[in-house]
Amino acid sequence: MRVQLAIALAHLRHRRRSTLVSLMGIMLGVAFFLAVSALMRGSEQDFLKRLVDNSPHITVSDQFRAARRQPAELRWPVAAVAISNIKPPVETRGIRSYRSKLAAIEQLPGLRIAPLLRGSAVLSFADQQQGVSVSGIVPARMQAVSTIDEQMVKGTLDDLAANPNGLVIGQGLADKFQLGLGSTVNMVAASGGTRTMKVVGIFRTGNAAYDEGETFTLLKRAQVILARPDRVNRFIIQLTDPYAARGVAADIEQQLGYKAVSWSEASEDILSLLQVRNVIMYSVVTAILVVASFGIYNTISTIVIDKRRDIAILKAIGFQAADIRRIFLYQGTIIGLLGSAAGLLLGYGMMHLLALVELKPPGVTDVVHLPLWWGAEQYLLAVTFALSACLGAACLPANKAGKLQPVDTLRGAT
């Protein structure tokens, strides 16, 4: 084995220029693999963090996943006559006995929950009107499941508790109506309820539609305005482990009957898009390493052609075909290991340079840094792909060298 390794190193040193070109190809391939992977995975992690942190992990609504079956259908499932177009009775929508259901969900470990009554209303101020969504909340519970309190620029959610007619609005709506803390606006709900509300807080999320169309008030006040006494129509749930949301949502739905949607179910289209993007990303960076491996193939093939007589002599003195193949596989492995080591250092440096890049998108006041992922997994993947490409490129020349016939070669046969 030492003899074979020494011969492999001697061949590589003899063709230094070709060896150096091959090393540079693998080095650049690994470096770009790390840089692209860090950017793509970093942006994915950043997007999922924003998606998970800024939206409920589970939303329980006052709906049912499937329509309830009629009593007649349950009693006579194979009846000859079917009744269609049955109009359900008019009733107040919402989750019935929500307090007991809230207490039941709270018994589950690792979650925080808040009740919410959401409806539509029209705000009017100085001959200006704006349709908005009204969310009736319990401030203390809302702070535990939402980041809205962290995005307040004026006032806090706690100020709602001190003012029964308090209203928290977005910065976009405040700018449109020229409102500030203490301003009063008229709110008219679709049910006919009306109330004069006082602005006690202003938030800014950066989402223009949300900042202009979302408002918060006390749950009891929303129940009066929306004419839904003792009702809520949503439970907002945050979990300690967001990735357990799908299973917990299924348990809650089975227990309560109401539809429970996890964040992963609500964002299936986005998650599938991220999967496709990862496949494209790994295909591109792997293609870079495959292209770099052609340099190794060319180097080792040239060595095989130049060293045919040496190979014949080695076989004549007792080397087997497997020993010859192993010499050239060692060459591919050496180039792969050295190129990977240099590529890891170069890629690490490129990642640090990318981390220093600052961007300021149009209309955004805050400076944005490129999100990078520093996980060890990508380093292992880069080395694995590089070594696989190098060994694959070395296999064909190695097999060709192992099949050379020493007698024909020494006689000068082609």
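Start with Ile-169. Its bridge partner in strand E8 is Thr-215. Keep in mind that this is a predicted model.

That pairing belongs to strand E5, residues 166-170. Two strands, E5 and E8, are joined there by 2 bridges. They run antiparallel.

Now the other partner. Strand E3 covers residues 128-137. It is joined to E8 by 5 bridges, and here the strands run parallel.

Next, the helices. Take H12, residues 268-306, and H15, residues 376-402. How do they pack? Their axes are 8 Å apart, at an angle of about 30°. Angles under 35 degrees count as roughly parallel, so H12 is roughly parallel to H15. The crossing of the two is right-handed.

Who touches whom? On the H12 side, the contact residues include Tyr-282, Leu-289, Ile-296, Tyr-297, Ile-300 and Val-304. Thr-286, Ser-293 and Ser-301 of H12 are also among them. On the H15 side, look for Leu-381, Phe-385, Cys-390, Leu-396 and Pro-397, among others. H15 also brings several alanines, including Ala-382, Ala-386, Ala-389 and Ala-393.

Key. Residues numbered from 1 in each chain as written. Predicted model: local features only at pLDDT ≥ 70, side-chain atom pairs only at ≥ 80, totals over all residues. Heavy atoms only, no water. Pairing = 2+ DSSP bridges. Helix = DSSP H or I, 4+ residues; strand = E, 2+ residues; numbered from the N terminus. Axes fitted to C-alpha atoms, helices over the stretch in contact; angles between N-to-C directions. Parallel < 35°, antiparallel > 145°, perpendicular 65-115°, else oblique. Left-handed = near helix turned anticlockwise from the far one by under 90°. Contact = heavy atoms within 4.5 Å.
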